[in-house]
Amino acid sequence: MTIQWDTSLSVGVDSIDDDHKKLLNIINAFGSDDEKSREELTVLIDELLDYTRYHFEREEEMMAENGYYQLEEHKQEHGQFIKKLMELGIMLDTEDVEQTRKETSQFLSMWLSRHIRWSDMNYVSCLILADKAKAQA
Ligand code: FEO
C-alpha cells in the first residue's frame with residue numbers, strides 16, 4: 001500500500017507539507033513491491049522514527065508558541081504513534097518479515113493520512129485564523 005501526496009493533504013504551510021511529503025516517502029518504501037530484508041526494514045523504521053520525532057517537535061513548538069487549545073491531545077496522538085513505531089520495530093525482530101511489512105505499511109499509511117487530514121489541518125487552521133485576527137487588531 002502506498003499513498004501519493006496531493007493537495008488534499010496540504011495544510012497550507014510549506015515547511016509542514018515538506019515534512020509530511022518526506023514522511024510519506026519513507027512510509028511508501030514499506031509498501032513498495034520490492035522485497036525487503038529484515039535489516040532493510042529495520043533501517044527504514046529507524047529513519048522514520050528519527051524524522052517523525054523531528055517533525056512532531058517542530059509542530060508541537062508551533063502549537064505551544066501560539067497557545068493552541070488542543071496541544072495536549074495532539075501531543076498524545078504523536079506519543080501514541082511513536083510508541084506504535086517502536087512496537088513495530090520490535091515485531092520486525094521477532095515476527096514474519098513479509099507479514100510485518102504489510103501490517104506496518106497499512107498502519108502507517110492510514111494513520112498518517114488520517115492524522116494530517118484531521119488533527120494537523122485543525123491546528124494549522126486555528127493558527128492561520130489567529131494570525132489573521134492579530135493582523136486585523
Ligand atoms: Fe504532522 Fe501532527 O503530525
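Two residues are in contact when heavy atoms lie within 4.5 Å. In this predicted model, 74% of the contacts between residues at least 6 apart in sequence join residues at least 24 apart. The chain contains four helices and zero strands, and its pattern along the sequence reads α-α-α-α.

**Overall dimensions and burial**

- The C-alpha trace spans about 60 × 25 × 20 Å along its principal axes.
- The chain has 137 residues, of which 39% count as buried.

**Helix H1**

- H1 covers residues 14–31 and has 18 residues.
- From its first C-alpha to its last, H1 reaches 25 Å, which is close to the 26 Å expected at 1.5 Å a residue.
- The buried residues of H1 are Ile16, Asp17, Asp19, His20, Leu23, Leu24, Ile26, Ile27, Asn28, Phe30 and Gly31.
- These buried residues pack against H2 and H4.

**H1 against H4**

- H4 covers residues 97–136, and its axis lies 8 Å from that of H1.
- The two helices pack at an angle of about 165 degrees; angles over 145 degrees count as roughly antiparallel, and H1 and H4 are therefore roughly antiparallel to each other.
- The crossing of H1 and H4 is left-handed.
- On the H1 side, the contact is made by Ile16, His20, Leu23, Leu24, Ile27, Phe30 and Gly31.
- On the H4 side, these residues meet Arg101, Thr104, Ser105, Leu108, Ser109, Leu112, Ile116, Asp120 and Tyr123.
- Sorted by class, the contact of H1 with H4 has nine nonpolar, five polar and two charged residues.

**H2 against H3**

- H2 covers residues 38–65, and H3 covers residues 71–94.
- The axes of H2 and H3 come within 10 Å and cross at roughly 170 degrees, which makes H2 roughly antiparallel to H3.
- The contact of H2 with H3 has 14 nonpolar, six polar and six charged residues.

**Lys84**

- Lys84 is located in H3.
- With a relative accessible area of 29%, Lys84 is partly exposed, because that class takes in values between the 20% limit for buried and the 50% limit for exposed.
- Lys84 and Thr52 are 32 residues apart in sequence, and their C-alpha atoms are 12 Å apart in space.

Definitions and conventions. Residues are numbered from 1 along each chain as its sequence is written. This is a predicted model: local features need pLDDT of at least 70, side-chain atom pairs count only at pLDDT 80 or more; totals for chains, interfaces and linings use all residues. Side-chain values use heavy atoms; hydrogens and water are left out. Axes are lines fitted to C-alpha atoms, for helices over the stretch in contact, and angles run from 0 to 180 degrees between N-to-C directions. Angles under 35 degrees count as roughly parallel, over 145 as roughly antiparallel, 65 to 115 as roughly perpendicular and the rest as oblique. A crossing is left-handed if the near helix is turned anticlockwise from the far one by less than a right angle, and right-handed if clockwise. Ala, Val, Leu, Ile, Met, Phe, Trp, Tyr, Cys and Pro count as nonpolar, Asp, Glu, Lys and Arg as charged, and the others, Gly among them, as polar. Buried means under 20% relative accessible area, exposed over 50%, partly exposed in between (1.4 Å probe, protein chains only). The expected span of a helix is 1.5 Å times one less than its number of residues.
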